[in-house]
Amino acid sequence: MNKAFTKETDESEDDEPALAPLPGGGKNYITPQGYERLRGELLDLIDNERPKMVEVVHWAASNGDRSENGDYHYGKKRLREIDRRIRFLTKRLEIAEVSNPSIHHGSDQAFFGATVTYADDEGVERVVTILGIDEANSALGQISWISPVARALLKARVGDEVSLVTPQGVQTLEVLKVDYPAPDERTAG
């Protein structure tokens with residue numbers, strides 16, 4: 001077989017990160033800000049990162065022997081990573097359902113996009129913001145709307161006590177405060 005038709009590495013093209021599982025119904029809720037962030041990343045990859053890397057690979061390939069050409073091998077690997085991320089973002093944005101949490105501004109009930117202050121059984125207060133699975137960052141106090149804590153808090157009102165099943169047993173959470181971002185002046189009426 002001609003060498004032109006063989007793969008350069010043993011890496012599989014199916015090394016794509018699996019889409020995070022969605023609950024029944026398949027909705028992928030995301031805030032407008034989260035959607036724009038993912039869309040911006042996708043456009044940057046398509047318009048900037050990928051063309052630059054194609055140029056690097058083309059330059060490295062023109063240097064001759066590719067067997068020991070680190071720039072070429074790194075460039076091809078990085079190009080596969082970029083393409084993989086582009087496919088992932090494209091799929092996620094296709095199924096995204098943008099939900100603006102500011103429509104609930106002033107409400108005391110927890111819905112998608114709410115910042116909820118709650119106390120656990122020991123009285124420890126925590127503040128979490130319920131966001132989409134593609135935008136939540138636990139280090140910033142953001143949790144996915146499909147997480148166990150978010151599922152327990154959703155639809156609860158200030159003063160409600162909800163049950164959270166944990167590996168250590170059932171924990172009671174008391175909702176202390178619910179906040180939403182103020183409506184954007186540009187989108188309000």
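Colleague: First, what kind of model is it?
Modeller: It is a predicted model.

Colleague: How many helices and strands does the protein chain have?
Modeller: There are three helices and seven strands. In sequence order the pattern reads β-α-α-β-β-β-β-α-β-β.

Colleague: And how much of the protein chain is buried?
Modeller: Of the 189 residues, 32% are buried. The accessible surface is about 11,900 Å². Carbon and sulfur atoms contribute 51% of that surface.

Colleague: What share of the contacts is between residues 24 or more positions apart?
Modeller: They make up 60% of the contacts with a separation of 6 or more.

Colleague: Switching to charges. How many salt bridges are there?
Modeller: The structure has nine. One of them pairs Arg 50 with Asp 83, at 2.5 Å from N to O. Arg 50 sits in helix 1, residues 32–61, and Asp 83 sits in helix 2, residues 70–95. The two are 33 residues apart, so this pair links distant parts of the chain.

Colleague: Which residue does Asp 134 form a salt bridge with?
Modeller: Arg 92 is the partner, with the closest N and O atoms 2.9 Å apart. Asp 134 is in the loop between strand 4 and strand 5, while Arg 92 is in helix 2, so the bridge ties together parts 42 residues apart in sequence. Both Asp 134 and Arg 92 are buried.

Colleague: Which residues are linked in a network of salt bridges?
Modeller: Glu 49, Arg 78 and Glu 81 are linked that way.

Colleague: And what about Lys 177 and Asp 179?
Modeller: Their side chains meet in a salt bridge too, at 3.5 Å from N to O. Lys 177 has 43% relative accessibility, so it counts as partly exposed. Asp 179 is also partly exposed, at 33%.

Colleague: Why does Thr 117 count as buried?
Modeller: Because its relative accessibility is 12%, and buried means under 20%.

Colleague: What does Thr 117 touch?
Modeller: Leaving out residues up to four places away in sequence, Thr 117 touches Glu 125, Arg 126 and Val 127, among others. Its contacts also include Glu 174, Val 175, Leu 176 and Lys 177.

Colleague: Last one. Where does Val 162 lie?
Modeller: Val 162 is in strand 6, residues 161–166. Val 162 is buried, at 13% relative accessible area.

Colleague: What is Val 162 in contact with?
Modeller: Setting aside neighbours within four places in sequence, Val 162 contacts Ala 152, Leu 153, Ala 156, Gln 171, Thr 172 and Leu 173.

Notes: Residues are numbered from 1 along each chain as its sequence is written. This is a predicted model: local features need pLDDT of at least 70, side-chain atom pairs count only at pLDDT 80 or more; totals for chains, interfaces and linings use all residues. Side-chain values use heavy atoms; hydrogens and water are left out. Buried means under 20% relative accessible area, exposed over 50%, partly exposed in between (1.4 Å probe, protein chains only). Contact means heavy atoms within 4.5 Å. A salt bridge is a side-chain nitrogen of Lys or Arg within 4 Å of a carboxyl oxygen of Asp or Glu. Helices (H or I, at least four residues) and strands (E, at least two) are DSSP runs, numbered from the N terminus. Accessible areas come from the Shrake-Rupley method with a 1.4 Å probe; for residues, only the protein chains shown count as cover.
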